[in-house]
Amino acid sequence: MKRVSILNRKNALTLFLVIVMYAVIQGLIVTDILPPLYTSTLIQVCVYVILAASLNLINGITGQFSIGHAGFMAIGAYLAGIVSVKFHGPLFLSLLVGGIVAAVAGFIVGLPTLRLRGDYLAIATLGLGQIVMIIFQNIDYFGGAAGMQVGRHINWSWAFWVTIISLVVIHNFVNSTHGRACISVRENEIAAEAMGVNTTKYKVLAFTLGAFFAGVAGGIYSNYMYFIQPTTFNFLTSFNILVMVVLGGLGSMTGSILGALIMTVLNVALSGIPSLRMVITALLLIIMMLFRPSGLMGTKEFNLNFLEKKGERNVA
Amino acid sequence: MLKIGNLSKSFGGLKAVSNLNIDIKDGELIGLIGPNGAGKTTVFNLITGVYEPTEGEILFRERKIDGLKPYQVTHRGIARTFQNIRLFADLNVIDNVKIAYHQHAKYSSLGAILRLPSYFKGEAEMEKKALELLKVFRLEGKAREVAKNLPYGEQRRLEIARALAAEPKLLLLDEPAAGMNPQETHELMELIRWIRDTFKLTILLIEHDMSLVMGVCERIYVLDYGTIIAQGGPDEIKSNPKVIEAYLGEEAI
Amino acid sequence: MKKFFVMATAAVLSLSLLAGCGTTGATSNGGGSSAGGNLKIGADLELTGGVAMFGTAAQKAIDLAVEQQNANGGLLGKQIKMDYADNKSDPGESTNAATKLITQDSVVAVIGAMTSGNTLAASQVAIDNKVPLISPTGTADKVTVENGQVKPYIFRACFIDPFQGQVAAQFAANTLKVQKAAIFIDQKSDYSIGLANAFSTNFKSANGQIVSQEKYVAGDKDFRPQLARIKSSNPDVVFVPGYYGEVGPIVKQAREMGMNQAFIGGDGWGSPELFNLASADQLNNCYYVNHVAIDDPSMADFVKAFKAKYNQDPDSFAALGYDAARLMFQAIKDANSTNGDKIRTALENLKGFKGLNGDITMDPKTHNPIKDAVIIKIENGKNVFMTKVSPK
Amino acid sequence: MHSITELLQQLVYGLSLGSIYALIALGYTMVYGIVKLINFAHGDVMMVGAYMGWIAITVFHFPFFPAILFAMIVAAIAGIIIERTAYKPLRNATRIAALITAIGVSLFLEYGGMLVVGAQMRTYPNVFPETMYNIGGIIFKFGDIVMLVTALVLMLLLHFTVQYTKIGKAMRASSFDMEAALLMGVNVNTTISATFAIGSALAAAAGVLYGIYFNSIDPLMGITPGLKAFVAAVLGGIGIIPGAMVGGLVLGITESLVSGFGASTWRDAVAFLILILVLIIKPSGLFGKNLREKV
């Protein structure tokens, strides 16, 4: 019989590493050793890690070809911004409202559109993302096309822990019977249905959950950046998130994290050569796909299992 | 157990199944045979809700199931295998089985996310049940192997195991012996009988391999051009002139 | 579970490494902020993305300004070294770009961004770090003044929207003596919206009437559906506060549809390219607000130098980028220091600066340049000076 | 809108805009139909074609027809190179990997192009006569007719090429079952290259016409029409050549009517909304066949 408990060596070690990582970076920030650009890059990494992991839940785990993720990010960003700026609400509430409204939107649009498959679903979700953008462009309350001033309400600690919580939630969801139900939809929808999995429910659930976290990520974004504009959340941003997911490996959560990290850091590292930056990014994308079309991690996860004794593998 | 009354299905103008009547009693092991293109798989798809009937009704344990979605039919207690194997190919063997246990899972999404005790209990129970089931099918040693890497015969067995994990009352097997050699087929025959007795199931199977059908089935329905042309015990069917005619030039019995 | 965190730790370490490499790469050719004989000025510009056209035009002009300044001995005895950061036409990226320029590259001043939104996104970083920033074309009111308070360290080189809109409205009402105006706005541009609002208010207070208001989105090519609506509202004049890239086709398509009304606009029209986008004939009966010195010899010199260097005509983005850079150079020279506060004070006290776009005096209360505007009439493919308007 | 004339006028504008979308969508849909790849770079190939035509006209002083031919040939070669280097190795990879590569190619063309020709807009010389027609108060110009007629002719040409010629049959065979086509002696590689060549040449033709019609081009000009053409192709049923034509026209008319009713800022949202509604009601587009997976 296997040990099944939340308390095991692997979890303890992981938690320890997370705390060390946080403490080291926080220490560097507090002592002003870490330059502001690095802090700001790290916070953006947090935003994109959540976005990529949540899109991976939809595209990688559930196998639904969605390319309009920036739309949910926009909803989260704007609603969280409104809570912060117009209602002076606390940050936690701001992020939560952003996430919930995005999730509601995800549920409402997911229900009818997730009947579509493959490329048709792709273009429909892309269209939805664009519609969201256009709606914000047209509503003066949100600043219209000119944008909305939000101001900075979030710091590294918040961004980091919200990211960790998001990842834990997504991870725990995926590694459960409900996550397996989502995976079965990806693997073979007809068989999944025949095995008693309500495929529509799980598609919509994954989509809603993904939208929720995209909204939370949007909230972090708008609370960190001083100014947001609808065009920030256009289809190119959706593509960017998709690229992170595929680059890391569709279906692999560690892959999504890696993809988000690489793309965000690359973006900053190449900012000194603006004219070449996009060309280099484009070439890297093509080369990456040519040599590793299944992404850096494939569907595998990087894990600590190798640290465990043989046979001690467990489900948690 | 299952009562199909005046069932018809047409695709466009083509009538795939017409005026079908099947009555299966509790615990029976029934065969559904017929030449290629007779509409056997269509009948399965109608029972399991993949297709909606054009006419007629399907009663399962006295309740109407036509018009239900496939997963709802499964929840009512009907599980199936597929003619062309439809495993979750990239998942490992035990996860394939666990997915079919999903409908009986005893914890919610929230329980999973918060890693409540119900999650650990539920997962442990699933793992145990899945391993037990795999043992029956002699697959327990391969529990962590990826399904698509299994040999063909084992994939067929896994598909049956997975269907059983849904804990059905009625099991539909779509050509379970397809692609198996006589030895494997013989073993499968034993297994099917054993499953029926152990799990107290009713089984309806489609099969081309007559030795298997004649060997295990207690009653057989013969389907041709979407209608039942004969039914009865194996011996009756063997000697039924209509059946021989339907199969002539198709396949020797 | 949570296996991925190890990955993340490893990744953060590699991030530091990578970013480290990035900066060494960037600083190695530039040297320290003011050591090594270089004076570093940053530019946060739209070099890629939706309005890359604005930023790249300004970049060329700034390069030209730097080249000329360096040829004349540079600034404070040092050679100017520009650090460009691309904001990808996105506010968030503009914040990043400003952060990089100010905290990483330690520039003494920042030029940019081109749009109001991107400037607003960058300005907080400049204020927090006490580095002066001048936007060549950020025209919205709130770029330099917020809640009645002038933002320290933030300046601009261009007209503000209300002024241009007012000039255009008064011209329509008093000179053209028309009463019915239609407005055609670029929905995506705060510049266009700002001008339109100012025009509308001023035109109405001059007893004019706005008979229709339509919108387009920068990048559109087909304007006929909206123009048809404007046409049927029967205006005497159409105000198009957009950029020449869209204004050209708008005028062309309007004329093709038989709309012979006067068209008026703002300084976004100012580019020789306009005459390629619509024919001379079609551009007759068009007027726009522009900067004073459009026919000035200094402007001609700039155009010549620009053409010689890049083999293309400069547009208003280039001209304002050039002015913004030179305003900043002048302020640094006046301050005789690279200290942010001193440069800021120098900028606030700048008077009578000979800009390409006329004589500029900085208003310390608003950080807006006080400069005259002119009305240009387009006649047979030529810009013709009509009248000069001074701000009140 | 105040009158029937105005409504008809808006319809004419929509038709003219729609024929441009249709023109771009034709190549898009053909490549998709054969290779099942969403070639996101299609709009950017159109941009390359537009620049080639521009160079041919302004630098080499070619007349219209040689210029468009030149653009089509260069784009066809570019299309083959793109296919051979970027897409071919991924033929058996996942669809999403191919899509990401296409996005990569698209970005490469946009920003590589910007590096080469600069970000600024270039004006296209006037090639068509500026004749205006006025029929019962409805105004259109010579260029409108050229666009609509070209789109129609190319659609028919393409349709007949794919349906009746040898290469067309090879295309359809490869599309249906690549391995079987290979076994039946179809040179699948050549066929797919030919598909890309034709698709890219069509994009270039569309690009030159687009440049002439709207008389300005820039390196990012392909993004919006590319997206719209994709929408048009899906609306009509992606992979179906007449569908692209109809989808383009429907999209164009929708847009001009929305603007005509004074809601120009909602134009793209309405276009996407209609697309989504059509897909929900008819999941494979207006002309698409509803294929269901065999169980």
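Which residue lies over the face of C:Phe159? Select C:Phe159 and look above the ring: C:Lys371 is there, at 5.0 Å from the ring centre. A charge sits over a ring if NZ of Lys or CZ of Arg is within 6 Å of the ring centre and within 35 degrees of the ring normal. Now select A:Arg152. Its charged end sits over the ring of A:Tyr224, 3.7 Å from the centre.

**Before you go on**

This is a predicted model, in which local features need pLDDT of at least 70, side-chain atom pairs count only at pLDDT 80 or more, and totals for chains, interfaces and linings use all residues. Residues are numbered from 1 along each chain as its sequence is written, chains are lettered from A and ligands numbered from 1 in the order in which they are written, and side-chain values use heavy atoms, with hydrogens and water left out.

**Stop 1: the chains**

Colour by chain. Five pairs of chains are in contact (heavy atoms within 4.5 Å). Chains A and C share the most contacts. Chains B and C do not touch; their nearest C-alpha atoms are 11 Å apart.

Now show the interface of A and C. Here 50 residues of chain A are in contact with 46 residues of chain C. The size of an interface is often given as the accessible area lost when the parts come together. The two chains bury about 4500 Å² between them, 68% of it on carbon and sulfur atoms. That area is what the two parts lose on being put together, summed over both (1.4 Å probe).

Select A:Arg277 and C:Asp86. They form a salt bridge, with the closest N and O atoms 3.0 Å apart. The term means a side-chain nitrogen of Lys or Arg within 4 Å of a carboxyl oxygen of Asp or Glu. The rule finds one salt bridge across this interface.

**Stop 2: the nonpolar core**

In soluble globular proteins, nonpolar side chains tend to be buried together. A nonpolar core is a set of buried Ala, Val, Leu, Ile, Met, Phe, Trp, Tyr and Cys residues joined through side-chain atoms within 4.5 Å. Buried means under 20% relative accessible area, exposed over 50%, partly exposed in between (1.4 Å probe, protein chains only).

The largest core has 270 residues, of which B:Leu205 and D:Phe40 touch the most other members. Helix H2 (residues 36–61) of chain A gives the largest share, 17 residues. Helices (H or I, at least four residues) and strands (E, at least two) are DSSP runs, numbered from the N terminus.

Zoom in on B:Leu205. Its contacts include B:Leu29, B:Phe44, B:Ile192 and B:Val216.

**Stop 3: rings**

The structure holds 47 aromatic pairs over all chains. Rings of Phe, Tyr and Trp (its six-membered ring) pair if their centres lie within 6.5 Å; planes under 30 degrees apart count as stacked, over 60 as edge-to-face and the rest as tilted.

Select B:Phe11 and B:Tyr51. This pair is edge-to-face: 5.0 Å centre to centre, 80° between the planes. B:Phe11 is in strand E1 (residues 2–11) of chain B, and B:Tyr51 is 40 residues away, in the loop between helix H1 (40–47) and strand E4 (55–60). At 34% relative accessibility, B:Phe11 is partly exposed. B:Tyr51, at 12%, is buried.

Next, C:Phe302 and C:Phe306. Their ring centres are 5.7 Å apart and their planes at 55°, so this pair is tilted. The two are four residues apart in helix H11 (residues 297–310) of chain C, about one helical turn. C:Phe302 and C:Phe306 are buried.

**Stop 4: a shared glutamate**

Select C:Glu256. Its side chain meets that of C:Lys252 in a salt bridge (3.7 Å, N to O). D:Lys141 also forms a salt bridge with C:Glu256, the closest N and O atoms being 3.3 Å apart. D:Lys141 lies in strand E3 (residues 138–141) of chain D and C:Glu256 in helix H8 of chain C, so the pair joins two chains. D:Lys141 is buried, at 10% relative accessibility, and C:Glu256 is buried at 11%.

**Stop 5: the backbone**

Most residues other than glycine have a negative phi, and most peptide bonds are trans. Select C:Gly112 and C:Ala113: a cis peptide bond joins them, with omega about -5°. Then find C:Lys88. It has a positive phi of about 50° although it is not a glycine. C:Lys88 is in the loop between strand E2 (79–86) and helix H3 (91–104) of chain C.

How values were computed. Lists of a residue's contacts leave out its neighbours within four places in sequence.
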